[in-house]
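Here are a few friendly notes to read alongside the model. Please keep the structure open as you go through the points.

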Amino acid sequence: MDSTLSLKPRGKGKGSKGASSSKLELLKEWSNWSLKKAKVATHYGFIPLIIIVGMNSDPKPHLFQLLSPV
């Protein structure tokens, strides 16, 4: 009696286990790669985005006013 839950794919034939496993690995690699790229883009793009949104606001502040802490 197998009462534990296994997350490994189970194939019916000879080739289905390898194909399913490689697809799963490809999906993991692709998602990992895309999340790393999104993290870098967010890291370097957040402050410029805030400056652009601030420059396009209604009172039209100068760049110095946006960057000053007061």
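1. Let me start with the fold elements: this predicted model has 2 helices and 0 strands. Helix α1 covers residues 16-55, and helix α2 covers 63-67, with a loop between α1 and α2.

2. On burial, the chain has 70 residues, and buried residues make up 3% of them. The accessible surface of the chain is about 7,000 Å². Carbon and sulfur atoms account for 67% of that surface.

3. Lysine 60 deserves a backbone check: its phi is positive, at about 50 degrees, although the residue is not a glycine. You will find lysine 60 in the loop between α1 and α2. With a relative accessible area of 53%, lysine 60 is exposed.

4. Finally, where is leucine 67 found? Leucine 67 belongs to helix α2, and it counts as exposed because its relative accessibility is 56%, where exposed means over 50%. A pair to inspect here is leucine 67 with isoleucine 51: the two are 16 residues apart in sequence, and their C-alpha atoms are 8.3 Å apart in space.

Technical notes. Residues are numbered from 1 along each chain as its sequence is written. This is a predicted model: local features need pLDDT of at least 70, side-chain atom pairs count only at pLDDT 80 or more; totals for chains, interfaces and linings use all residues. Side-chain values use heavy atoms; hydrogens and water are left out. Helices (H or I, at least four residues) and strands (E, at least two) are DSSP runs, numbered from the N terminus. Buried means under 20% relative accessible area, exposed over 50%, partly exposed in between (1.4 Å probe, protein chains only). Accessible areas come from the Shrake-Rupley method with a 1.4 Å probe; for residues, only the protein chains shown count as cover.
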